[in-house]
Every structure is written in C-alpha cells, then in structure tokens.
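Me: Here is a model I would like to go through with you. Please keep the answers brisk.

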Amino acid sequence: LHDIVGVINLDEVRIGIIGTAGRGTMAVHWHNDEQKRSRVTAAFDVHQEFLDKFREEVNPKAYVTRDLDDFLGRDDIDAVAVFSPDFCHEEQTVAALKAGKHVFCEKPMAISIEGCDRMLQAAKESGKKLMVGHNMRYMGFIRTMKEIIDSGVIGEVKSAWCRHFINYGGRYYFHDWHANRKNTTSLLLQKGAHDIDVIHWLAGGYAKEVTAFGGLDYYGGDKTDDLRCPDCPDRKACVEAQAEVEPDRRQLCVFCREVNVEDQNMLLMNLDNGVRACYLQCHFAPDAGRNYTFIGTEGRLENLNESRIRVLTRRSNSWREYSDRTYDLKPAAGGHGGADPCIAEDFLDMLLKDITPIADPIAARMAVAVGCLGAESMREGGMPGKIPVVDI
Ligand SMILES: NC(=O)c1ccc[n+]([C@@H]2O[C@H](COP(=O)([O-])OP(=O)(O)OC[C@H]3O[C@@H](n4cnc5c(N)ncnc54)[C@H](O)[C@@H]3O)[C@@H](O)[C@H]2O)c1
C-alpha cells in the first residue's frame with residue numbers, strides 16, 4: 001500500500017482529531033512545545049463538552065465542530081486521527097481518505113472484514129496513507145520478544161499462545177458501548193485484535209483458519225437496559241457499580257439485557273506458515289496482564305510480565321542449549337509502556353519521510369478477520385472458519 005503512494009512533500013503535518021475524549025488524548029503527542037513536526041489544528045466530536053475540554057488541554061486555537069463534513073472540508077488538516085468508537089472507524093476513515101486526508105485510525109481497524117477491505121480500497125484509490133493504531137507493536141517487551149525470535153535462539157517457531165487476563169473488564173467494556181455486538185462485533189476485536197496481531201507478527205504468518213468457544217458467563221443478565229448505576233437499588237452491594245459520572249453510557253448496568261458480547265473468548269488458529277496458535281481472553285480475572293509463549297524447535301520464549309522475559313533452551317546440539325536467559329526491561333516513558341509516543345512518531349515518519357510504519361494496515365485487517373470469524377465460530381458452537389485473503 002505504501003509503495004503505491006510515495007513520498008509526500010510536507011515539513012509539518014496539520015492533524016485533525018476525531019473523537020477527543022478517552023483515546024483522543026493521543027493528540028498531545030502531535031501538539032506540544034517540543035513537537036516541531038506536527039500541530040493539531042482541529043477536532044470533531046459528537047459531544048461539545050469533550051470539544052471544550054480538548055481546546056483547554058490540547059490547543060485553545062484549534063477549530064472544533066460537531067459536523068463531520070465541515071471538519072473534513074477544512075484545508076488546514078493534512079491528516080486525520082480517528083479515535084471514535086470502533087463502529088465509526090470505517091465510515092469516518094473512508095470519508096477522510098475521500099476528502100484527501102491521510103489517516104491514523106485506532107484499532108480495531110473496523111468491526112467487519114468487508115469494512116477493513118473498504119478502508120484499504122479507499123486508501124489505494126485516494127493515494128493517501130493509512131495507518132492503524134496497533135501500539136502493542138511498539139511496546140518494549142513485544143519488540144524484545146520479536147528480536148529474540150528473529151535471532152533464531154528458539155529455533156523455528158511452531159506454537160504461539162497468549163493468555164489475556166482482564167480485571168478492568170467491568171469498568172472499561174461492560175458499562176458502555178463496548179458491551180454490545182452492534183458496536184464492536186466482539187471483544188475478540190476490541191481487545192483481541194492487539195494480541196492476534198502480536199501473534200501474527202511474532203510467529204511470522206497469518207491465521208488461515210480459526211475455531212473458537214466462548215460465552216457471556218459473568219456479565220450480562222436480565223436487568224433492564226435503562227438501568228444506570230446511580231439509580232440502582234443494589235448499587236451499594238454491587239461489586240461492579242460505577243461511581244463516577246461521565247457523559248454517554250459509562251454507567252450502563254453490566255448485568256442488563258443489552259450486554260451481549262462474550263466475556264470469555266477461547267480461540268484456536270492454524271497459521272499459513274504451519275504455526276499453531278491459541279488466544280484465551282477472560283474479562284473477570286482478578287489480575288490484568290498478557291502472557292505470551294512461543295515454542296520453537298530449540299526453545300521456549302515467554303514474558304512473565306511487561307518487564308521480564310525468559311528464554312528456556314532445549315537440546316539443539318549447539319552452544320545455545322547451555323544457556324537459559326532472562327531479560328529485564330527498563331521502564332519507558334509514555335502511555336502503554338512507552339508505545340504511544342513511538343507510534344505517534346512513526347505516523348509522522350510515514351508522512352514526512354515515507355518510512356513504512358511498524359503498524360501495518362494489512363496486518364490490522366488480518367487481526368480483525370480472525371476476530372470476526374472467531375466470533376462467528378463461538379456463536380455457531382465452534383464451527384471452523386477460513387480467513388479470506390486480502391485482494392486489494
Ligand atoms: N491502542 C490503544 O491502546 C487504545 C486504547 C484505548 C482505546 N483505543 C481505541 O480508541 C477508540 C476509542 O476508545 P475510547 O476508549 O477512547 O472510547 P470513549 O468512548 O472513551 O471515547 C470515544 C470518543 O469518541 C467520541 N465519539 C463518540 N461517538 C462518536 C462519533 N460518532 N463520531 C465522533 N466521535 C464520537 C466520544 O464523544 C469520545 O470523545 C476505540 O476504537 C478503542 O479501540 C485504543
């Protein structure tokens with residue numbers, strides 16, 4: 001995709017933000033006293049209070065609007081960053097590309113495979129650049145694990161596992177728009193797209209077939225859809241009660257009927273290079289973290305947490321079999337283990353220097369494809385699904 005569009009002639013990128021609260025705070029990486037390569041010039045949101053806050057916190061001179069056409073029609077925006085909810089990504093990205101803007105779109109790329117393909121097609125037709133916010137690729141422990149695999153120390157990778165524990169599922173995913181399939185398709189996309197992408201990247205192949213089991217085993221229930229925590233007679237005893245008042249739907253009851261995304265997802269994948277992989281996600285765990293394991297013909301690589309990685313070697317008839325290794329990672333400044341400032345810089349490097357970013361839109365589409373077919377499989381009792389290849 002990037003080869004098609006070539007170098008653009010800019011020395012400063014003027015960025016417009018879609019969706020300013022929550023993840024929209026990434027804007028500060030493109031607009032601050034040190035940043036000489038970009039400015040945030042405008043924002044679009046559906047909530048005026050978030051636009052007001054954005055002007056206070058990011059740029060008081062930025063143009064703000066609740067009208068998307070007005071926003072996309074502006075000639076002081078070279079690139080648009082889409083931080084709105086998942087179900088908006090396709091429509092807003094395609095509209096921005098058609099309006100002649102480059103796009104940074106948050107993950108998951110879209111909530112359907114067809115949606116991702118329409119975005120890739122729009123990028124190709126517009127000649128503009130598209131990047132997807134897979135910031136886990138920029139985390140120190142993931143890059144170190146990739147480097148270890150690429151060094152050959154565990155031999156040829158045959159097996160990839162990820163266990164994903166989430167103890168903030170109630171707070172982040174079951175009190176608002178995330179909890180409904182129409183907005184996200186499945187939490188295999190919203191959360192799992194990161195991990196599926198990491199598995200693809202480190203194992204060196206894309207899933208070609210998937211099967212999955214899962215269900216809504218803790219959240220969900222038969223409370224009415226209009227029940228909000230502050231009005232609930234059980235709020236004092238409820239361990240999931242959301243105390244703070246935020247606009248939109250942050251206090252939806254996690255046990256209401258509208259909640260219909262699975263809170264346990266267990267996915268098996270065959271990759272196109274012969275690697276077998278699994279991804280296990282649970283939203284009511286007591287702790288939070290991702291544990292990746294890669295087993296190769298000469299050893300096993302595992303992260304114990306985000307700051308410690310272990311390599312165990314097995315017999316390989318080489319000097320390597322005598323040394324197991326532990327890597328201790330130093331803390332990095334910036335959100336998501338230092339990944340957020342790095343991905344923001346990579347977006348600018350893509351636009352200003354024509355450097356291909358680590359976060360690749362085709363890979364983002366493949367992660368969504370696995371999540372979509374995994375969700376379908378879960379809902380059809382584990383029926384296997386074949387991942388369609390990208391044909392753009
Ligand atoms: N890469 C990461 O680490 C990471 C982390 C958090 C969120 N995200 C992604 O960022 C996106 C936003 O997530 P969030 O947690 O910030 O959500 P959020 O609900 O907290 O915030 C969404 C923002 O979009 C605005 N919005 C809502 N509907 C809109 C519409 N139709 N058009 C424009 N703006 C709209 C809201 O007013 C709000 O400002 C999601 O796609 C999520 O997957 C990525």
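Me: Which residue just after helix 4 takes a positive phi?

Reply: This is a predicted model. Helix 4 covers residues 89-98. The positive phi comes just after helix 4, at about 90°, and the residue is Gly100.

Me: Which residues of helix 4 are buried?

Reply: Buried means under 20% relative accessible area. In helix 4 (residues 89-98), the residues that qualify are His89, Gln92, Thr93, Val94, Ala96 and Leu97.

Me: Is Thr20 buried or exposed?

Reply: Thr20 sits in the loop between strand 1 (13-18) and strand 2 (38-44). A polar atom of its side chain lies 3.4 Å from the backbone oxygen of Phe50. The relative accessible area of Thr20 is 6%, and the cut-off is under 20%, so Thr20 is buried.

Me: What percentage of the ligand's area does the protein bury?

Reply: A backbone N or O atom of Thr20 lies 3.4 Å from a ligand oxygen, and a polar side-chain atom of Gln190 lies 3.1 Å from a ligand oxygen. A polar backbone atom of Lys107 is 2.8 Å from an oxygen of the ligand. Taken alone, the ligand exposes 850 Å², and the share buried by the protein is 87%.

Me: How many residues of the shell around the ligand are charged?

Reply: The ligand takes up the space of the largest pocket. 28 residues surround it, and the closest are Arg23, Asp45, Asp86, Lys107 and Arg250. The shell divides into 10 nonpolar and 12 polar residues, while the charged ones number 6.

Technical notes
Residues numbered from 1 in each chain as written. Predicted model: local features only at pLDDT ≥ 70, side-chain atom pairs only at ≥ 80, totals over all residues. Heavy atoms only, no water. Near = heavy atom within 4 Å. Polar contact = N/O pair within 3.5 Å; in protein donor to acceptor, adjacent residues only side chain to side chain. Areas by Shrake-Rupley, 256 points an atom, 1.4 Å probe, with all protein chains shown as cover. 1 Å grid on protein atoms, 1.4 Å probe; cavity = no way out; pocket = protein on both sides within 12 Å on 5 of 7 lines; lining within 4 Å. Sits in = over half its atoms within 2 Å of the grid points. Nonpolar A, V, L, I, M, F, W, Y, C, P; charged D, E, K, R; others polar. Buried < 20%, exposed > 50% of the residue type's maximum accessible area, 1.4 Å probe, protein only. Helix = DSSP H or I, 4+ residues; strand = E, 2+ residues; numbered from the N terminus.
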